[in-house]
Amino acid sequence: SSGINAEYGSLPIFIFPFLCFVFYLKDTELEEEEEYENCEMAKEQVLATEGSIPGTVKILIAQLSLIYLVNICEGWGLILFVPAVYNKENIQSGSNLGQCNNIFGEQYLKMTLISGLGPLVAKLAAYLASFCLNLPCSMFLSSGVTTVSFALLAMMTSRGGGVLTDILMGLVKASFAYLNLSLWLFIMNTFEGRVKTTATVIIDGFSKIGAILGSSFVAFLPMPSVELIMTSFGIVQTVVLLFVVVFKGRGEIV
């Protein structure tokens with residue numbers, strides 16, 4: 001019996017450390033749960049902070065969306081506009097007796113220079129200029145060149161075209177390409193993180209509207225109407241870019 005008493009008498013010695021270990025584990029689990037909840041709350045706060053876009057940035061995104069819409073409208077319109085100008089010249093000169101959309105001889109070379117070489121040189125110039133020129137100012141100037149060129153084109157095409165028409169179409173195409181690349185360089189250098197992703201999606205979405213409008217204008221409207229619309233769009237684009245230059249200069253956008 002003494003052995004049994006001694007055996008039962010030793011039980012409390014093991015129970016006490018066991019209970020301490022159990023309560024220690026329980027306290028550790030509670031601390032880990034509190035730390036996890038604190039981390040989740042901190043993540044939610046960070047996401048909420050990153051997700052909120054300041055009002056000035058929203059205005060800038062809206063401005064850039066409109067600028068890019070007009071830019072793509074002009075670019076896609078020019079794809080159909082350039083051969084339409086040459087076809088009109090052929091009809092007026094009598095070389096296109098069938099009234100078909102036919103392009104002849106050196107006109108193919110002109111189209112290649114206008115639509116291929118000009119934009120290539122312009123985009124290279126835009127990339128190099130981004131290192132030494134203010135991007136909003138250079139975009140403003142290129143938009144002005146496009147607008148003035150379209151206005152002059154309206155006068156030249158009504159008089160039958162010529163070498164000056166080729167030069168003006170080349171200027172329009174080159175200034176379009178210059179603004180196109182400069183705009184994306186500006187977007188990449190201005191926005192960061194989630195704001196950059198959101199801005200890119202919105203701005204590129206508006207460009208699809210511009211592509212539809214530009215193609216539809218040239219396909220279904222008479223040439224004088226197209227030139228008037230493109231000139232009007234260019235004026236709007238230039239004014240919006242002026243606001244971007246002013247706001248950027250004041251530091252109201254980051």
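Student: In which helix does Gln107 lie?

Tutor: Helices are DSSP runs of H or I with at least four residues, numbered from the N terminus, and Gln107 lies in helix α4. The model is a predicted one, in which local features need pLDDT of at least 70 and side-chain atom pairs count only at pLDDT 80 or more, while totals for chains, interfaces and linings use all residues. Residues are numbered from 1 along each chain as its sequence is written, and side-chain values use heavy atoms, with hydrogens and water left out.

Student: Is Gln107 buried or exposed?

Tutor: A residue is called buried under 20% relative accessible area, exposed over 50%, and partly exposed in between, with a 1.4 Å probe and protein chains only. Gln107 counts as buried because its relative accessibility is 7%.

Student: Which residues does Gln107 touch, leaving aside those up to four places away in sequence?

Tutor: Contact means heavy atoms within 4.5 Å, and by that criterion Gln107 touches Tyr86, Glu89 and Asn90.

Student: How do the axes of α4 and α6 cross?

Tutor: Axes are lines fitted to C-alpha atoms, for helices over the stretch in contact, and the angles run from 0 to 180 degrees between N-to-C directions. Here the axes of α4 and helix α6, which spans residues 163–190, come within 7 Å and cross at roughly 35°. The contact includes Gly118 and Ala122 of α4 together with Gly170 and Ala174 of α6.

Student: Which residues form the nonpolar patch on the surface?

Tutor: Accessible areas come from the Shrake-Rupley method with a 1.4 Å probe, and for residues only the protein chains shown count as cover. The patch consists of Leu109, Leu113, Leu117, Leu120 and Val121, with about 490 Å² of accessible area together. Leu113, found in helix α4, is partly exposed, with a relative accessible area of 43%.

Student: How many helices and strands does the chain have?

Tutor: The secondary structure comes to eight helices and zero strands, and buried residues make up 35% of the 254 residues in the chain.

Terms used. Patch = residues over 30% accessible without salt bridge, like charges linked within 9 Å, V, L, I, M, F, W, Y side chains within 5 Å. Salt bridge = Lys/Arg side-chain N within 4 Å of Asp/Glu carboxyl O. Helix = DSSP H or I, 4+ residues; strand = E, 2+ residues; numbered from the N terminus.
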